[in-house]
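Reader: Please show me the model, and then I will ask about parts of it.

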Amino acid sequence: MSNDFHDYVRRWHAAFPRLRDVRWEEGGWLSNAYCPDCRFCCGPQDSATPFPMPLLPSQYRPGLEEDFYLLDATTPCLDERGCKSCGPQGCRLPRPRRPVACGLFPVVLTQAGLFLYQCCPAALHLPLRDWLELGERIRDWLLTLAPSDRQRLCLPLAAETLAEKYICLHLPVALENA
Ligand code: SF4
Ligand code: SF4
């Protein structure tokens, strides 16, 4: 990861020489001006472990397999194939049909609280204090959801993965069984 990390820093510095806007929108969405020219987290992943993207029960619908590769009947995932909904112009799904994780990334919810994926260009370019503030907004929004929904959205990322690829934002989020 350390070599990869340096590669990402060089790659994103060249691709994004100027700071772009990243802001929290009411309704559970991180608006990120880096995404349209990046799409890194929607494309093919370099890990053999599928990245789960749980849906809220209100998002369950027939035909999920047309939009996503699935871990089980109701859980989309991202893997070496990328996301089925990622097209040449980016995500082809309207926001209400996208997994919540798509609207929070590069911040992720885990049992240990909120973490920041460090190889995202927005994560590398914005000061950490901005991410702490955005993390607080995300935590506050997550706390408006039912505890069972928060638990459902929690990603089962291994401690080693978090230590290697993520920055802890020190923002615990109350979960149903925590
Ligand atoms: S890696 Fe970051 S900037 Fe790139 S598409 Fe994902 S969230 Fe957007
Ligand atoms: S649903 Fe859309 S935003 Fe989410 S990973 Fe797939 S292409 Fe990206």
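Reader: Which residues are around ligand 2?

Author: This is a predicted model, in which local features need pLDDT of at least 70, side-chain atom pairs count only at pLDDT 80 or more, and totals for chains, interfaces and linings use all residues. Residues are numbered from 1 along each chain as its sequence is written, while chains are lettered from A and ligands numbered from 1 in the order in which they are written. A residue is near a molecule if its C-beta atom, placed from the backbone, lies within 6 Å of it. Around ligand 2 are Cys42, Leu78, Cys83, Ser85, Cys86, Cys91, Leu93, Arg98, Pro99 and Cys102.

Reader: How many residues of the shell around ligand 2 are nonpolar?

Author: Ala, Val, Leu, Ile, Met, Phe, Trp, Tyr, Cys and Pro count as nonpolar, Asp, Glu, Lys and Arg as charged, and the others, Gly among them, as polar. The shell around ligand 2 has 1 charged and 1 polar residue, and its nonpolar residues number 8.

Reader: Is Ala159 buried or exposed?

Author: Ala159 is in helix α7 (residues 159-165); helices are DSSP runs of H or I, at least four residues, numbered from the N terminus. A residue is buried if 20 or more other C-beta atoms, placed from the backbone, lie within 10 Å of its own, exposed if 12 or fewer, and partly exposed in between. Ala159 has 10 C-beta neighbours inside 10 Å, so it counts as exposed.

Reader: What distance separates the C-alpha atoms of Ala159 and Ala112?

Author: Ala159 and Ala112 are 47 residues apart along the chain. Their C-alpha atoms are separated by 9.2 Å.

Conventions:
Helices (H or I, at least four residues) and strands (E, at least two) are DSSP runs, numbered from the N terminus.
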